[in-house]
Amino acid sequence: MMLRVRSRDGLERVTIDNPNITISQLKTLIQNQLNIPVHNQTLSTNQNLLLSKSPSDLSKFTDMSNPNTLLSSLSIAHGSMVFLAYDGERSIPGPVFSPAGSFGKKMTMDDLIAKQMRVSRQENPHCESVSFDRDCANVFQQYVNETLAFAVKRGGFMYGIVSDDGKVEVNFIYEPPQQGTEDNLMLFRDPHEEKLVDGIAIGLGMRRVGFIFTQTITQDKKDYTLSNKEVLQAAELHAESDLKEWVTAVVKLEVSEDGGADVHFEAFQMSDMCIRLFKEDWFEKEIGDDLDPKLSRMKKDVVVGVKDIREVDNDFFLVVVKILDHQGPISSSFPVENRIIEVTKRALKNHLDRLKNLPFVKRISDFHLLLFLGRFLDLSDVPALAECVLTQTAVPEGYQLIIESVANS
């Protein structure tokens, strides 16, 4: 039996001969196999353990604190993930490294550049936390769960605000034209539509703050957090933004041994080094089937620990971000763009009729509705409507007449 153990050092594995062991016995195995003393270990099945910054934070994680608890009673089985926090330093086994230039070896310019590319774990994100509007998060995951059954990948751009202290608030998700398969997500970017989306966001006092995508049900048992293809796509979209707090969110369906399933959200920032490597074209863009998906291949050697390597564990590029939720200022009840079922004028009429007892500005306080209206209004008109939504002021009569005309046509 194999357990996956994630710590600040990345993803490692612990081999267990007997699945019916206790927490105490597991800690002894971790001590023997990973060189971390038992008394320094704090274990949990909750990934937020890795966000802990003080002993008082660690004390909140009690699910694996009883040394006599059996792993089986916690539904921990072969391939399960356990999170580990520990104090102090440790020695991670690796081959002895002789630096280029020693023993008369000539160092090339590429060698010198590679020495500057030292890939290490980034301890803290630039983003203090990310909070999802409950409705927009639910609308996104519900479609993937109920319509796509997590069989193909789906993605979108997150929009919201960033506070002065680095907290990101996601209030709506725009889903661009796309095609998902079991392993790949292809975004068919539409510059005109994205310009309209950005205009609506500005009118709402918001901006693009990140990328969200789903993993498929077949990825649930894979031995990685993000695949190399996902790291490459996330790095590309992060690098495209000028926002240091940019967030990458992952939604997945985790199936337990008893057949139960739960939807989970995880949030990360791609590390500064990851983005630098992408911008400077160090990543191999063509990913063959022969490469382990938990590794990203570089065009030249980089330094990880004491080793010169070209295949980097993807976990080195991920910085965990704390997730919160909130109720945002706009709704997400209007049909979402670019899905299987096309949004029609009838949907607009049904939406307005359903909310007919509310003030008109409340009836149109939905990003997806504003984007739909963009098909029928000038590019400058929709941000003006969005500003009415932001301030919750009366919509000019002319706009009301146009919207109602579209709905009834």
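These legends describe close-up views of one predicted model.

**View 1. The whole chain.**
The predicted chain holds 12 helices and 16 strands. Its C-alpha trace spans about 80 × 55 × 40 Å along the principal axes. Of its 409 residues, 49% count as buried. A search of the whole structure finds 24 salt bridges.

**View 2. Strand E11 and its two neighbours.**
Strand E11 covers residues 247-255. Of these 9 residues, 7 are buried, so the strand is mostly covered under the 20% cut-off for relative accessible area. Strand E10, residues 207-214, pairs with E11 in the parallel sense. That pairing runs over 5 bridges. Within it, Ile-212 has Ala-249 of E11 as its bridge partner. Strand E12, residues 261-270, runs antiparallel to E11. Here 8 bridges join the two strands. Lys-252 stands opposite His-264 of E12.

**View 3. The turn between E11 and E12.**
E11 and E12 form a hairpin with 5 residues between the strands. Gly-259 in this hairpin takes a positive phi near 95°.

**View 4. A salt bridge at Lys-252.**
Lys-252 forms a salt bridge with Glu-254. The closest N and O atoms are 3.8 Å apart. Glu-254 counts as partly exposed because its relative accessibility is 28%. Lys-252 is also the residue that stands opposite His-264 in E12.

The side chains of Arg-154 and Glu-175 meet in a salt bridge, with an N to O distance of 2.8 Å. This pair links distant parts of the chain, 21 residues apart. Arg-154 lies in the loop between helix H4 (134-146) and strand E6 (155-162). Glu-175 lies in the loop between strand E7 (167-174) and strand E8 (178-180). Both Arg-154 and Glu-175 are buried.

**View 5. Asp-301 and Arg-310.**
Asp-301 and Arg-310 form a salt bridge. Their closest N and O atoms are 3.0 Å apart. Asp-301 counts as partly exposed because its relative accessibility is 28%. Arg-310 has a relative accessible area of 43%, so Arg-310 is partly exposed as well.

Where does Asp-289 sit? Its place is the loop between helix H7 (272-279) and strand E13 (295-304). Is Asp-289 buried or exposed? Asp-289 is exposed because its relative accessible area is 79%, and the cut-off for exposed is over 50%.

**View 6. Glu-12 in strand E2.**
Glu-12 is found in strand E2, residues 10-15. Its relative accessible area is 16%, so Glu-12 is buried. Met-81 is 69 residues away from Glu-12 along the chain. The C-alpha atoms of Glu-12 and Met-81 are separated by 9.9 Å.

Note on methods
Residues are numbered from 1 along each chain as its sequence is written. This is a predicted model: local features need pLDDT of at least 70, side-chain atom pairs count only at pLDDT 80 or more; totals for chains, interfaces and linings use all residues. Side-chain values use heavy atoms; hydrogens and water are left out. Buried means under 20% relative accessible area, exposed over 50%, partly exposed in between (1.4 Å probe, protein chains only). Helices (H or I, at least four residues) and strands (E, at least two) are DSSP runs, numbered from the N terminus. Two strands pair if DSSP finds at least two bridges between them. A salt bridge is a side-chain nitrogen of Lys or Arg within 4 Å of a carboxyl oxygen of Asp or Glu.
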